[in-house]
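Let us read a structure together, one feature at a time.

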Amino acid sequence: MSERIPAQIIDTIDPRQPVRLTPAQAGGPIHTRSFSGLYRNLRLYGAGLLMLIFFGTAWLDWDGRQAVLWNLAEHRYYIFGATFWPQDFILLSALLIICAFGLFTITVFAGRVWCGYSCPQSVWTWLFMWLEKLTEGERHQRIKLDAAPWGPAKLLRRSAKHLLWLALSLLTALTFVGYFTPIRPLALELFTWQLDGATLFWVLFFTSATYLNAGWLREKVCVYMCPYARFQGVMFDKDTLLVAYDAARGEKRGPRRKDADHKAEGLGDCIDCTMCVQVCPTGIDIRDGLQVECIGCAACIDACDSIMDKLGYARGLIRYGSEHEMQGGRRHLLRPRLLGYAAALLLMIGAFAWALQARSLVSLDVAKDRGMFRENAAGQIENVYRLKLINKTQQPQRYHLGLVAGQPFRLNGPSDLSLAAGEILEVPVSVVLEREPLGRSPAPVSFEVVNLRDGSERVEAGSTFIAPSGR
């Protein structure tokens, strides 16, 4: 029988100090404290601009229609003066890839600033928290209200809060659905109870999603549901700009008199007021180091700077800084990972801009008739085709339809066509074999459409021509 190694329990907790759990560790609701500061103002102005764009753009008009509208029923997608079609979805894919690389580049450079300042989950959560403060009071009042038994006052405050949450959620859902269904008729039908079942389902779905995510789940979406929080550590390096606590300056923590020489008492600049914890929307203590829950909102920086100002200490005990800077070194701005992401991003933006500018504003599709071939009255071999033309512009256009030069064929059918803005026109035509023998069957045949306005826009589409053997 092997000899057992005795285990010894080592208690590293000072029994004279009470164990303090952060709100995130305690598992209860997180009640944030009101604060002010530079980064709060930046976040408010940025979020206000984003919400103005989101809620306002849906109501803008452009040439007698909604300026931005993804009309799923008609398969047309309007963005101000441009019209996009399902054939242009490759551009949407490219745009999403560009946004992903943009997010990677920003993350390598400045951490999770997207999460703290621009993410819809964060923006709507801050707004819901403001409505909560409006109806239930400041942090200490909300904590007291949570602990209070149910009564008329508590019921009134909670009901007011949830009614405001639901109203904002409904407005958000109405606006979001309004980008896919014309928003003016949508709003009228909603308030006159005339919405069709499918539209009503999506309005209620996004209302519920907003209400749950921003009102109830809040930081849990960032911590447990958002994949970005999980792979951010892969994107960071020692020069990434992060919200960080300067432990060398702040430790040892402890309270002190304002006029005391805390250095002589062996104390650092941190007075352990926990203001940084009280303002954190995810309920963490930034003094514990970089954590996956930190969204980089800089609320703790504003709170700590206000305390430093009151004590007469220098700001920046909690600040934006890189790991190198926190260790007394220098931050390197130009580094291979950042340069690589930036170069790839610029290359993709350039390619996207070129593709957007070079995309054809007329579409031509060719479908061959299911019959193989036929012989006309002159004894010539014909094949029948159905051509579909799409005018992708927002103005009427005139086009010339023909065959690409140099082919042994003649086109029978209309040659000059007028299409209204966004019109889809199907044209049946036949192609006659004029010069025999064909050589091989099936043989390629190419159609072309030329814009008669200036002749610079030309689109080709191919098919096959079938003839009997020996012809």
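Q: How many strands form the open sheet, and in what order?

A: Strands here are DSSP runs of E with at least two residues, helices are runs of H or I with at least four, and both are numbered from the N terminus. Two strands pair if DSSP finds at least two bridges between them. In this predicted model, 4 strands make up an open sheet, ordered β13-β11-β15-β16, with antiparallel pairing. At the edges stand β13 (416-419) and β16 (458-465), each with a single partner strand, so one side of each has no neighbour in the sheet. From one strand to the next, the twist averages 25°, taken between lines fitted to C-alpha atoms, with angles from 0 to 180 degrees between N-to-C directions.

Q: Before we go on, what should I know about the numbering and the confidence limits?

A: Residues are numbered from 1 along each chain as its sequence is written, and side-chain values use heavy atoms, leaving out hydrogens and water. As the model is predicted, local features need pLDDT of at least 70 and side-chain atom pairs count only at pLDDT 80 or more, while totals for chains, interfaces and linings use all residues.

Q: Over how many bridges do β15 and β16 pair?

A: Strand β15 (residues 443-451) and β16 are joined in the antiparallel sense over 8 bridges.

Q: Is Gln 407 buried or exposed?

A: Buried means under 20% relative accessible area, exposed means over 50%, and partly exposed lies in between (1.4 Å probe, protein chains only). Gln 407 has 15% relative accessibility, so it counts as buried. This residue sits in the loop between β11 (397-403) and β12 (409-412).

Q: What does the side chain of Gln 407 reach?

A: A polar contact is a pair of N or O atoms within 3.5 Å; within protein, one must be able to donate a hydrogen and the other to accept it, and residues adjacent in sequence count only if both atoms are side-chain atoms. The Gln 407 side chain reaches the backbone oxygen of Val 404 at 2.9 Å, and one of its polar atoms lies 2.8 Å from the backbone nitrogen of Ser 446. With contact meaning heavy atoms within 4.5 Å, Gln 407 also touches residues including Arg 435 and Pro 444.

Q: Which residues touch the most other members of the largest nonpolar core?

A: In soluble globular proteins, nonpolar side chains tend to be buried together. A nonpolar core is a set of buried Ala, Val, Leu, Ile, Met, Phe, Trp, Tyr and Cys residues joined through side-chain atoms within 4.5 Å. Of the 34 residues in the largest one, those touching the most other members are Val 243, Ile 286, Cys 300, Ile 301, Met 308 and Ile 318. The largest share, 8 residues, comes from α14. A second, separate core of 26 residues includes Tyr 385, Leu 389, Leu 401 and Val 427.

Methods
Lists of a residue's contacts leave out its neighbours within four places in sequence.
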